Amino acid sequence: MPIEIESPEQVGYANIRCNLTESSVSDMPLAALGLDLNALILAYTDHLGKPALRERIAADGENLSPQDVIVTPSAAAALFIVATSLLEKDNHLVVMHPNYATNIETPRAIGCQVDYLRLSFESGFQFDLDQLAALLRPETRLISLTTPHNPTGVTLTEKDLRAAAALAEAKGCYLLVDETYREMNFAGPTPLAASISPRCISVASMSKSYGLPGIRIGWIITRDPNLQETFLAAKEQIFICNSVVDEEIALHVLEQKENILPPILEKNRRNFEIVKTWMEAQKRLEWVEPTGGVVCFPRIKPAADLHVDAFYQILNNQYSTFVGPGHWFGMDRRYMRIGYGWPPAEELIEGLHHISLALEEAKEKRKSRN
Ligand SMILES: Cc1ncc(COP(=O)(O)O)c(C=O)c1O
């Protein structure tokens, strides 16, 4: 997939001056945690996940217990487990588009029938319950929603989530909610989906809100014990258990959540204001203002007459600045995902300035071609 080949890890961080491709907050150094891991025994561990960690994760939902939680090596792994456990060729899935790739590509690889709940710029990338209801069929097994959403940064309300859960209950299918950015909803986190109904499955991780993608810790929450058993069996086939080192770090961070999260959210908020101010001055760009997360998905106005490929070439090659082009998400390249939560403010400001310059120069290129 292009996002894999063209990701900053592959381009090489040393070759990037302004990195606006990331979809998380700044990565946390291990040293910042002051953890002594020397007493850890590097054994296989509880297959469901460290009990104290599951307790912490469950404590976020009103009616959840640690038994409802399986810790997985990342949200990507959790999504893989859910899709491969629930979907077969004859099943039907409705999934948001655009999306984080795993939400779409794993079901596609399984070969099940897929319908897209398309989020359009013209509709403010808004979730539409009627549109979802119209896509459901008797063989629909799974509805897959993401909030806050990647790459658009839009969010579902609690009302939306409850309505989608009620729809899944009425149709006898499951509702997967990818809540990986849940802590980063500007209006505050919505309830964990799994707490709303036994038909709901929550997936999230430590990667995005805590800046810990380098420990691979995520989770699945479901109140359905049969589903839980199936997910555990799937996890065991692939991973057996999690890394004890990763689990220890995740537990430590969640125990300190009240101290660790607020400054991260504050920085994210400040960086968001920088993007917002910049967007207001852009003649050639338009956006749907995000309501959560760490990314936004503006587009080059349809009326802006410029050479889109030249824009990316100039941005990458001349200014060493990178964004996530629309094709990473199966969208037109006039869209670009700007990750504002990860870079320091100075790098963000410089990167945004480079985008403005590259847009201007790509317009010149178009002129000189005519
Ligand atoms: C919506 C969403 N879900 C899940 C993931 C995977 O996160 P991880 O596997 O690092 O936990 C990502 C990563 O970009 C994402 O954007």
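**Close-up views of a predicted model**

**View 1. Contact of helix H4 with helix H5.** Ala 76, Leu 79, Phe 80, Ala 83 and Thr 84 of H4 face Thr 102, Asn 103, Thr 106, Pro 107 and Ile 110 of H5. By class, this contact of H4 with H5 comprises six nonpolar, four polar and no charged residues. Here Ala, Val, Leu, Ile, Met, Phe, Trp, Tyr, Cys and Pro count as nonpolar, Asp, Glu, Lys and Arg as charged, and the others, Gly among them, as polar. Residues are in contact if their C-beta atoms, placed from the backbone, lie within 7 Å. Helices (H or I, at least four residues) and strands (E, at least two) are DSSP runs numbered from the N terminus. The model is predicted, so local features need pLDDT of at least 70 and side-chain atom pairs count only at pLDDT 80 or more, while totals for chains, interfaces and linings use all residues. Residue numbers start from 1 along each chain as its sequence is written. H4 covers residues 75-86 and H5 covers residues 101-110; the two helices pack at about 35 degrees, with their axes 9 Å apart. Axes are lines fitted to C-alpha atoms, for helices over the stretch in contact, and angles run from 0 to 180 degrees between N-to-C directions. The crossing of H4 and H5 is right-handed (near helix turned clockwise from the far one by less than a right angle; left-handed if anticlockwise).

**View 2. Packing of helix H4 on helix H9.** H9 is formed by residues 225-238, and H4 packs with H9 at an angle of about 115 degrees, the axes being 9 Å apart. H4 and H9 are therefore roughly perpendicular to each other (65 to 115 degrees; under 35 counts as roughly parallel, over 145 as roughly antiparallel and the rest as oblique). The crossing in which H4 passes H9 is right-handed. On the H4 side, Ile 81, Val 82, Thr 84 and Ser 85 take part, and they meet Thr 230, Phe 231, Ala 234 and Lys 235 of H9. The contact of H4 with H9 holds four nonpolar, three polar and one charged residues.

**View 3. Crossing of helices H3 and H10.** The axes of H3 (residues 51-58) and H10 (residues 244-255) come within 9 Å and cross at roughly 40 degrees. These two helices, H3 and H10, are therefore oblique to each other. H3 passes H10 in a crossing that is left-handed. H3 contributes Ala 52, Leu 53 and Arg 56 to the contact, and H10 contributes Glu 247, Ala 250, Leu 251, Leu 254 and Glu 255. Sorted by class, the residues of the contact of H3 with H10 are five nonpolar, no polar and three charged.

View 4. The ligand has 13 residues around it, of which Ser 74, Ala 75, Ala 76, Ser 205 and Ser 207 come nearest (a residue is near if its C-beta atom, placed from the backbone, lies within 6 Å). The shell around the ligand consists of four nonpolar, eight polar and one charged residues. Ser 74 is located in the loop between strand S2 (69-72) and H4. Its phi is near 100 degrees, a positive value in a residue other than glycine.

View 5. Thr 147 and Pro 148 are joined by a cis peptide bond with omega of about -20 degrees. Pro 148 belongs to the loop between S5 (140-146) and H7 (158-171). A cis peptide bond also runs from Asn 150 to Pro 151, with omega near 15 degrees. Pro 151 lies in the loop between S5 and H7.

View 6. The chain is assigned domain 1 (2-23 + 261-369) and domain 2 (38-255), with bounds from an automatic or database domain assignment. The domain centres, taken over C-alpha atoms, are separated by 28 Å. In all, 21 residues of domain 1 are in contact with 23 residues of domain 2. On the side of domain 1 that touches domain 2, the elements giving two or more residues are helix H11 (257-280) and strand S10 (295-296). H11 gives the most to this side, with four residues. By class, the residues of this side of domain 1 are 12 nonpolar, seven polar and two charged.

Key:
Two residues are in contact if their C-beta atoms, placed from the backbone, lie within 7 Å.
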